[in-house]
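Visitor: Please take me through one part of this model in close detail. Pick a sheet and follow its strands.

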Amino acid sequence: TLTQSGDQCRYPVQFGSECVLVQYQGEAYVCVSRETGDELVRVEVPPAARATMSPDGRYVAVRPEDRLIAIVDTQSWSVQELDLGFGRMRGGAFSPDSSMLAVADENEILIIDRASEEIVQEVPFALVSDIHWIDDSTIVIGNRDGSLWARVSLDTSKLVERARAAITGRPLSPQECTTYRIEPCPTEAR
C-alpha cells in the first residue's frame, strides 16, 4: 500500500519476522518494527537505490552511495558497510541460508561471504536486473530487458566438469587449434 508521510511517498518493500523494510521514495530505506511501528534503523540512499532482505529477515542489504553496500543486522541494528568498488547496483539477493549475498552491477555479479565481508566469486554477466537463489550454489539471473534468464552454478567443480565434457571426446576445428595453439591438432574424435 502506498502511503503519504509529509511530502514523501513510502511503501513496504519486504517483510521480516521483526520488521518491515520500507522505502521512502528517493531518500531512505527504513526498518520499521512490526510490533510498535517505530523506526529501528534508517539508511539514506540516492534515488533508484535497491534493497533486499535475507530469507530469514535477519539482514537487509542496501546501496547508500556509489561503491558501498550497507548490510543491516536486524538483531543488533548495526550497519556494516562494504566497499565493493563497482558500479550501480542492479540486483541483489541473499542465499537461502543468508551466508552469501549476490549483488550485480552493469558488468558482473559478485558473490560476497557475509561473515568475512569478502568477495568469493565474480561472474561476468552484463545488464543484470534480477538475481534469485535456487539453492546454496545456484542462482538465476535476468537481464535488464527481461529477454534472457540464465541458471548459473557457483559450484566450481561442476563448472570444470562441464568444461571438460564440452571439449573431451570431440574433434577440434582447425580454427580452435590455431586460436589455442594446439599442435598437433586432434581433428578426429578420441
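Guide: A definition comes before the details: two strands count as paired if DSSP finds at least two bridges between them. The model is predicted. Its mean pLDDT is 80, and 83% of the residues reach 70 or more.

The part to view is an open sheet of four strands, in the order 10-11-12-13, with antiparallel pairing. Strand 10 (91-94) and strand 13 (118-124) are the edge strands, each pairing on one side only. From one strand to the next, the twist averages 15°.

Start with strand 10. Four bridges tie strand 10 to strand 11 (residues 100-104), and the two run antiparallel. Across this pairing, F94 stands opposite L101 in strand 11. The hairpin of strand 10 and strand 11 has five residues between the strands. There, S98 takes a positive phi near 65°.

Now strand 11. Four of its five residues are buried, so the strand is mostly covered by the cut-off of under 20% relative accessible area. Confidence in the protein is highest here, at 91.

Next comes strand 12 (residues 108-113). Five bridges join strand 11 to strand 12, again antiparallel. A104 stands opposite I109 in strand 12. A hairpin of three residues links strand 11 to strand 12.

For contrast, look at the start of the chain. Confidence is lowest in strand 1 (residues 3-5), at a mean of 45. Over residues 1-5, pLDDT stays under 50. The model has twelve contacts beyond four places in sequence for residues 1-5.

Technical notes:
Residues are numbered from 1 along each chain as its sequence is written. This is a predicted model: local features need pLDDT of at least 70, side-chain atom pairs count only at pLDDT 80 or more; totals for chains, interfaces and linings use all residues. Side-chain values use heavy atoms; hydrogens and water are left out. Axes are lines fitted to C-alpha atoms, for helices over the stretch in contact, and angles run from 0 to 180 degrees between N-to-C directions. pLDDT is the predictor's confidence in each residue, from 0 to 100. Contact means heavy atoms within 4.5 Å. Buried means under 20% relative accessible area, exposed over 50%, partly exposed in between (1.4 Å probe, protein chains only).
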